[in-house]
Amino acid sequence: MDYLTDFSEQWYVNHRKVFGKDLISKNPIILYNNHAEFQQTNAISGSIDIATGGVTEALKNRVVLPLTYSLQNDHHVLVHELTHAFQYNAIVTDDSLSLQNLSNTPLWMVEGTAEYLSLGKNDPFTAMWMRDAILNDRLPEITKLNNPEYFPYRYGHSLMAFIGGFFGDDKLAPLFVTTAKYGLAYACDTILGTGTKNISSLWHNALKTYYSELLDDRKEKPQGKKLISDGNAGKMNLSPALSPTGRYVIFLSEKDLFNTELFLADAVKGTILNRVTSVSKSGGLDYINAIESSGAWSPNGKDFAFIGIKKGRNVLVIKNADSGETLNTIEVKDLEAFTNPIYHPDGKEVIVTGLNEGQPDLYAINLKKATATQLTNDIYSENMASFSSDGSRLIFSYDKRSVLNGRNHGKYTYDLAEMDYATREIKIYDIFQGADNLNPIFDFEDNVYFVSDRDGLRNMYKLDRRSGKVYQMTDLLTGISGISNDAPMISAATKKDRVIYTHYFNGEYTLYEANSDQLLNKLVEDVKTINQRWGMLPISGLNKQNIVDNNFSHADQDLKTTDVKVTNSKYKPHFALDYIGGGAGMGLGVANNSFRNATGLQGGIDMMFGDILGNNQLYTQIAMNGEILDVGGMVSYLNRKRQLAWGVGLSHVPLRTSYRAYSSDEITINGTTYPAIVESTNIIRIFDQTLSLFAQYPFSTTLRLEGGIAGTMRGFRWDEYNDYYVGDQYYGYQLVGSDKNKIPVGDELQIDQYYTIKKGPGANVNIGLVGDNSFFGMTSPLAGYRYRVSLEQYFGNDKFTGFLMDGRKYIRVHPFTFALRGTSYIRWEEKTKSVYPLYLGNMGFVRGLGSIINSDIESTGLTYSQVLGSKMILGSFEIRFPFTGPKRLALIPSSFLFSDLNLFVDSGVTFDHFKDWKDGKLIDVIEKDENGNFITDANGNPIYTVKKRPTDNNHNSRCILEGQFIWSTDSGALFCTNTIERRSLQVWAEYNTWLVSTYVSKH
């Protein structure tokens, strides 16, 4: 923690040199013990992915991040996020800017600047991406960098390092602010003095010229055989783990598109044999640690251990590799976070890198007792351990010497270290000091394979422990890599001569396997000298302000002179404004030729307050739409400090409806009585005041229990506005007078023939279980499931019991998804129709019947009595086909238009009593003549007769089915194809038989 405190103050000074101004206030930095706890933060709204290293939010400029297993990674993420804090500060302190202007700044500029300021120009990881872009002709123009194909962190890092080096680091802040004001093109012209096209050309030429000595006339030729690639798995095939005999490999892949899962494959043929895990099908695990961890085979080659996250904690999951059956899920006492498991050869222990109080150390987990024994205890980082065949030696990556002796280019780097497991004594190898030496693993002869960037490239090497010699085993132009700089990337069999590595090329991660004879085996003569020239991000050597390089060059010196006084104090939450939005206005108008003015209010304002940690939130809203009587508002408080979140709310909601009527009357003007036409506008208001208490308890990221209790008070107001018109049809009518009457309202207000609303007090209580393990495609879920089971009880003016069961299942069969839904909502009412009935055509139920307000039910041969009821059962089936979108998912590749083509069939039935299924029910039936035509009255309205629908032996209820082709867009709107010209095929029998209406859209 002391290190991070010093880092934050050191880089505050460094960032101030770039941005030229201080932060307007003290900037909050919120640290979490580990990533699993970070994912549960309340400071950030919404879910946080396993791949998110940290977040800076704009409302309070909070920097929120977890501590990790690497001191260098902690440093990198902290400095990266502090860059965002300065970027937000530059926006909010400018008189002509607001946070909305951030939409003008491209993501590659925002993230690229943060990567440049936190990593500098010497970064073999980003350099690997740039060499790959050159080899595969994938260097984009600046104007195309917004394409998701170009990862903004890596491409943005390279471009911003070039701009900083070529034009000067002092141009970075003005470029950012001007882009936010006027856009990228104007900013480049005014701040850099040239256009985006020329900058692109300069950037490309600098990269190609610098790497030409290495890349010219060479092609990438990986050693060994391609095993797992996009051809038989996904584009990202990571963290390989070879079985002891080298026969099988388990690896992480996004092969199923929606999640990163573990797959079992034949390590000789590359055939995918089984999916070991499936988060989309099981709610047991929330996540798999797919970024910074690999898995481990048991010594007998039957079981596989990996790290998962369950209920906010790291767990060690042991599965049968063949069947995928979970054998054990171990929560380790007193060790909530750990990574990179490796079995001891005796099979009784698993060694991990654990994280406790922000300090990474090696721990031995006893599988039987689920307890951890600490093997190291220091401030340094120990990572990616591996056992020798007899269990006497433990090899791992260790940053102790870098911390003690100073950083290379301002970064902490890893050396190879070996522990005597019995004595705990540690030896640091004097090999490639100052470079990152990662992922060391023992092979079948107890030699050590590892990955090093000693020349700026990321290749595999072998340490012969008997002779002490080091051999270069691959000669790759791009490199060996995991998804991040120090993620696991190689594995070796312990009983056979076989090794597997992850090769990054053409934007993809491919697994290659080889034996030692197929590898390079080139002796490295000098293991004490490194030259990371190919890991540099080049510039064209102009003598500009070089702020960033100086910051990294003096990093250790500046850190030693940083004098930070730390004061510990207990956290006390205080509310502060997070957000304010909305607007209001007043209208003044003249109605027709009258002398009466019409005024009204419209708009609203909403505000959200919260504390620094986001544990307490206060939300207020005021809305206006009409007169003063129509002003509504609410205030709610939410406490999220503990797993059981609770809140309280208070609201006043005015609901307004109206109708207009005409009548004849007389009016006296100046003593003379005239016949008049009266236009009466009746405005009916229903006022609901509600006090509610609610709570929710999440069991995991996919399952929660929620409930609440509320009390209400309902009142009415009826105003009648009368306008008197005098005249005739020949000379016209003129408004000659107006009056307003307040109509007395009793205890009941009849809305229509189906519903009468009551005033007075009421209350309700509800509880529900909600599960959601669905995975979205472009416009809708394409895999997983969702469900809700809830019970509610209403008292007072509304008296009923409601029970809901709703389940959705999404089955992915590439390229289609079959979506099934079953819904049942049952209301037991004290008196039928005392609550407004359920309408089968409401959006989301049986689609196509239209709104209850404007639907033409009679034209389908139905009546409202058939589609209204207090109880409802629904079912639907959809075939979803991604139409335009990402190449791997959609029929037509598109980076901006996301759409699905869906074919669906809905079905539903409503009724009031369960006995209706047996005895039948009263329904309104349209009278027909002897030719089967509807009989209408003088106004053309259908004539109804109330009859009882008897049941038959085969069917005992009315069911309405409807199906259409629909087009879904990412906006969530649904567009029926050619709806206006829809032709319907209607098949129905008389009112005493089963009714089926099927609609087929004309495409």
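So, Ser-553: in this predicted model, that serine lies in helix H11, which covers residues 547-553. Is Ser-553 buried or exposed? With a relative accessibility of 60%, Ser-553 counts as exposed, since the cut-off for that label is over 50%. Now look for His-409 on your screens. Ser-553 and His-409 are 144 residues apart along the chain, and yet their C-alpha atoms are separated by 6.0 Å.

Let's move to the helices, and start with H7. How many of the eleven residues of H7 are buried? Eight of them are, so this helix is mostly covered. If you want to click through them, the buried ones are Leu-172, Ala-173, Leu-175, Phe-176, Val-177, Thr-178, Thr-179 and Ala-180. And which helices cover them? The buried residues of H7 pack against H1 (2-19), H3, H4, H6 and H8 (184-192).

Helix H4 spans residues 107-119 and helix H7 spans 172-182; their axes come within 11 Å and cross at roughly 165 degrees. That crossing angle makes H4 roughly antiparallel to H7. As for handedness, H4 passes H7 in a left-handed crossing. On the H4 side, the residues that meet H7 are Met-109, Val-110, Tyr-116 and Leu-117. On the H7 side, they are Leu-172, Leu-175, Phe-176 and Thr-179. By class, this contact has seven nonpolar residues, one polar and no charged ones.

His-76 is in helix H3, residues 71-92. At 16% relative accessibility His-76 counts as buried, because the cut-off is under 20%. Leaving aside residues up to four places away in sequence, His-76 touches Glu-115, Ser-118 and Leu-119.

Next, another helix pair. How do H5 and H6 sit against each other? Helix H5 (residues 124-135) and helix H6 (residues 152-167) pack at an angle of about 90 degrees, and their axes are 9 Å apart. H5 and H6 are therefore roughly perpendicular to each other. From H5, the contact uses Phe-125, Thr-126, Trp-129, Met-130 and Ala-133. From H6, the partners are Arg-154, Tyr-155, His-157 and Ser-158. Sorted by class, the contact of H5 with H6 has five nonpolar, three polar and one charged residues.

On to the strands. There is an open sheet of four strands in the order E5-E6-E7-E8, with antiparallel pairing. Which strands are at the edges? Those are E5 (237-242) and E8 (272-275), each of which pairs on one side only. Ignoring direction, neighbouring strands in this sheet are turned by 25 degrees against each other on average. Inside the sheet, E6 (residues 248-253) and E7 (residues 261-266) pair in the antiparallel sense over six bridges. To find your way along that pair, take Val-249, whose bridge partner in E7 is Ala-265.

Asn-366 stands opposite Thr-371 in E17. E16 and E17 form a hairpin with four residues between them, and Ala-370 in the turn has a positive phi of about 60 degrees.

Asp-217 has a positive phi of about 60 degrees although it is not a glycine. Asp-217 sits in the loop between helix H9 (196-215) and strand E4 (225-228), and it is exposed, with a relative accessible area of 86%. Asn-340 is also not a glycine, and has a positive phi of about 50 degrees. Where is Asn-340 found? Asn-340 belongs to strand E14, residues 337-343. Asn-340 is buried, with a relative accessible area of 8%.

Last stop, further along the chain. The peptide bond from His-814 to Pro-815 is cis, with omega near 5 degrees. Pro-815 is in the loop between strand E44 (800-813) and strand E45 (816-829). Thanks, everyone, and I'm happy to take questions.

Key:
Residues numbered from 1 in each chain as written. Predicted model: local features only at pLDDT ≥ 70, side-chain atom pairs only at ≥ 80, totals over all residues. Heavy atoms only, no water. Axes fitted to C-alpha atoms, helices over the stretch in contact; angles between N-to-C directions. Helix = DSSP H or I, 4+ residues; strand = E, 2+ residues; numbered from the N terminus. Parallel < 35°, antiparallel > 145°, perpendicular 65-115°, else oblique. Left-handed = near helix turned anticlockwise from the far one by under 90°. Contact = heavy atoms within 4.5 Å. Nonpolar A, V, L, I, M, F, W, Y, C, P; charged D, E, K, R; others polar. Pairing = 2+ DSSP bridges. Buried < 20%, exposed > 50% of the residue type's maximum accessible area, 1.4 Å probe, protein only.
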